Amino acid sequence: KAGWKGGHKQECKRLREGGEGGGGSGVAALQEALRAALLGGTGRAPTDRQRRVYEKIREAYDAGKHAEVVEMAEEGQAVAEEVRGALPVIAAQIYRMLGESFVWCFEHVKGVGLLEQARALAVEADDREVLGHVCNSLGTFHRGQAEDKKAIEEFEQGRAIDVELGDRQGEGIACNNLALSYRAL
């Protein structure tokens, strides 16, 4: 937490925005920042096994191989629990990727439970970007279940975070999802 408040928060913001030291923009820069954190930039280096598990999950998730991510869930949850105290952002990312993958594989109860764990960790770590992704994922889930009022609550929270972070694309997607949910009502 001290490192985050001592400058990492601003550094990550620059990376997200593609600014100095970023080498890219948006999600790619954030993933690189997370990768750097996982590789020891936060003061507590994860073990080789923790790094391998995180990277395997991230690679399968990024490739859209949600069934593979689900197969790694037990090991992924173990790693998330191991790192949650020292690296809560990484634990939140693991839970988010697992949760979204379970939802994609129609294991909704498990997926939503994991997304709620990701939400709690993102709030704890004050990681607005992960929180925004979680809100939008939960909104999409609720919209798919015809729970439009719950979907609207999640999309509104996600949209507010997108506005806060200056993510115009995310804001546009959230507005579209809000319109679909309002129309369904």
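Predicted model: local features only at pLDDT ≥ 70, side-chain atom pairs only at ≥ 80, totals over all residues.

Biologist: OK, how many helices and strands does the protein have?

Modeller: The secondary structure comes to 10 helices and zero strands, and along the sequence the pattern reads α-α-α-α-α-α-α-α-α-α. Helices (H or I, at least four residues) and strands (E, at least two) are taken as DSSP runs and numbered from the N terminus.

Biologist: And what share of the residues is buried?

Modeller: Of the 185 residues in the protein, 44% are buried. Buried here means under 20% relative accessible area, exposed means over 50%, and partly exposed lies in between, using a 1.4 Å probe and protein chains only.

Biologist: Switching to charges, how many salt bridges turn up?

Modeller: A search of the whole structure gives 11 salt bridges, each being a side-chain nitrogen of Lys or Arg within 4 Å of a carboxyl oxygen of Asp or Glu. As background, side chains of opposite charge can pair when their charged atoms come close.

Biologist: Which parts does the pair R119 and E154 tie together?

Modeller: The side chains of R119 and E154 meet in a salt bridge with an N to O distance of 2.6 Å. R119 lies in helix α7 (residues 108-125) and E154 in helix α9 (residues 148-165), so the pair ties together parts that are 35 residues apart in sequence.

Biologist: Are those two buried or exposed?

Modeller: Both R119 and E154 are buried, and for R119 the relative accessible area is 15%. The side chain of R119 also makes a polar contact with the side chain of E116, at 3.0 Å. A polar contact is a pair of N or O atoms within 3.5 Å; within protein, one must be able to donate a hydrogen and the other to accept it, and residues adjacent in sequence count only if both atoms are side-chain atoms.

Biologist: What about D48, which residue does it form a salt bridge with?

Modeller: D48 forms a salt bridge with R51, with the closest N and O atoms 2.4 Å apart. Both residues lie in helix α3 (residues 48-62), three residues apart, which is about one turn of the helix. D48 counts as partly exposed, because its relative accessibility is 49%.

Biologist: Which residues are linked in a network of salt bridges?

Modeller: E55, R58 and D62 are linked in such a network.

Biologist: And how far apart are the closest N and O atoms of E171 and R168?

Modeller: They are 3.0 Å apart, in a salt bridge between E171 and R168. Both residues lie in helix α10 (residues 168-184), three residues apart, again about one turn of the helix. E171 is buried, with a relative accessible area of 16%, whereas R168 is exposed at 64%.

Biologist: Where is Q93, and is it buried or exposed?

Modeller: Q93 sits in helix α6 (residues 88-104), and its 6% relative accessibility makes Q93 count as buried. The side chain of Q93 makes a polar contact with the side chain of R96, at 2.8 Å.

Biologist: How many disulfides does the structure hold?

Modeller: The structure holds zero disulfides, a disulfide being counted as a pair of cysteine sulfur atoms within 2.5 Å. As for cysteines, C105 is partly exposed, with a relative accessible area of 27%, and C175 also counts as partly exposed, at 37%.

Biologist: Last one, at what angle do α9 and α10 cross?

Modeller: Their axes cross at roughly 160 degrees and come within 9 Å, where axes are lines fitted to C-alpha atoms, for helices over the stretch in contact, and angles run from 0 to 180 degrees between N-to-C directions. α9 and α10 are therefore roughly antiparallel to each other, since angles under 35 degrees count as roughly parallel, over 145 as roughly antiparallel, 65 to 115 as roughly perpendicular and the rest as oblique.

Definitions and conventions: Residues numbered from 1 in each chain as written. Heavy atoms only, no water.
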